[in-house]
Amino acid sequence: MSIAIVPDAMSAEKQLISVVMPCYNCAPYLAEAVGSALRQSYGNVELILVDDGSTDASPDIEANLAEQHAGRLALLHAPRVGPYPARNLALQSARGEFVAFLDADDSWEPTALEQLHAALVGANADLAYCGWQNVGEGMASEPYVPPEYEKGDPVEGFMRGCPWPIHAALTRRSVVERLGGFSERRFSSMDYDFWLRTLALTRNIVRVPDVLAYYRWHGRGQISAVKWRQVLDALAVQQDFVRANPQLVAHLPSHRLRELTEGQVLRQAYRALWKRDIASAHKLFRHVAMARSFGLKEVRHVLSALLPLPAYRWLVRLADRNDR
């Protein structure tokens, strides 16, 4: 059910929301993403757009958009530093009491910020989050509304995996400042790291049970498509969270904590093997071997992954032929 929005003719008096948008070679989608941010029903929105060394038509499009939206769109430039350093650069210029993140190929429903802000302020929360849908050529994905983490055990919920994509939340700038922005160590899971560190600061969150955000999937070209890296980076940020916040995970039995961390790697190794993503299966089963997080039924998969990748690939193909 949608949250009721009370029209406010004095939208200029609303507290400012800063939207942070990094852009690297997103020319086909950039105008749509910028429009999605600046045509929000909330009204009082500034967009901080960082071109991260684009080599396509993005810089020309950005310059035109900055001229069209003078006073609402600040255009910054970075020398191809990556999305998280680019976001940190933008955060230095953010003036709003609230902060949201939108990538240059993603989009929102027109009322997204209005609904998220209304929920956050109405609950006196530090962060509001919503549902999302993956879109893109060849992508068949159902809309997804996450569980109401605040009504259960948010720590265990967040430990199961990244709770929402980067653009499916609105947070107070004070929270972002206390976090010091984004870590820049593991690029495929720094949004997960950001939300875990947010959880360490506050469990005062609220859900908007509507699909308001759209994540554009491009296939194997994007960071999150490299499965083994994504899985191992996610494990690393989980382990960082556990080490930094032992009091928050103390209620979880050790076997459950291991299931949520190393157990995820084992499950994803099997999933990669079933999908015949051989490179990821090889990397992940190798990690399982080194971490000694396997049982008897995994022995053959783990031992075969200790072979060099070409030999492992040959074994999988041989098994496929024998199964026919």
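View 1. C130 has V208 as its bridge partner in β8. The model is a predicted one, in which local features need pLDDT of at least 70, side-chain atom pairs count only at pLDDT 80 or more, and totals for chains, interfaces and linings use all residues. Residues are numbered from 1 along each chain as its sequence is written, and side-chain values use heavy atoms, with hydrogens and water left out. Strand β6 (residues 127-135) and strand β8 (residues 205-216) pair in the parallel sense over nine bridges; strands are DSSP runs of E with at least two residues, helices are runs of H or I with at least four, and both are numbered from the N terminus. Strands pair if DSSP finds at least two bridges between them. With strand β7 (residues 169-172), β6 runs antiparallel, joined by three bridges, and T171 of β7 is the bridge partner of L127. Seven of the nine residues of β6 are buried, so the strand is largely enclosed by the rest of the structure; buried means under 20% relative accessible area, calculated with a 1.4 Å probe on protein chains only.

View 2. Eight strands, with mixed pairing, follow the order β3-β2-β1-β4-β7-β6-β8-β5. Because β3 (73-78) and β5 (107-108) stand at the edges with a single partner strand each, one side of each is left without a neighbour in the sheet. Strand β1 (residues 17-23) runs parallel to strand β4 (residues 98-101) through four bridges, and V20 has F101 as its bridge partner in β4. Helix α4 (residues 112-122) packs on the sheet and touches β1, β2 (45-52), β4, β5, β6, β7 and β8, where contact means heavy atoms within 4.5 Å.

**View 3. Surroundings of L49.** L49 lies in strand β2 and counts as buried, at 0% relative accessibility. Beyond residues up to four places away in sequence, L49 touches M21, C23, L30, V34, E62, L73, A74, L75 and L76. The C-alpha atoms of L49 and V34 are separated by 8.6 Å, although these residues are 15 apart along the chain.

**View 4. Lining of the second largest pocket.** A pocket is an open set of points on a 1 Å grid over the protein atoms alone, where a 1.4 Å probe fits, with protein on both sides within 12 Å along at least five of seven lines; lining residues have an atom within 4 Å of a point. Among the lining residues are Y270, W274, R300, H301 and D323. Helix α14 gives the most to this lining, with five residues.

Terms used: Buried means under 20% relative accessible area, exposed over 50%, partly exposed in between (1.4 Å probe, protein chains only). Axes are lines fitted to C-alpha atoms, for helices over the stretch in contact, and angles run from 0 to 180 degrees between N-to-C directions.
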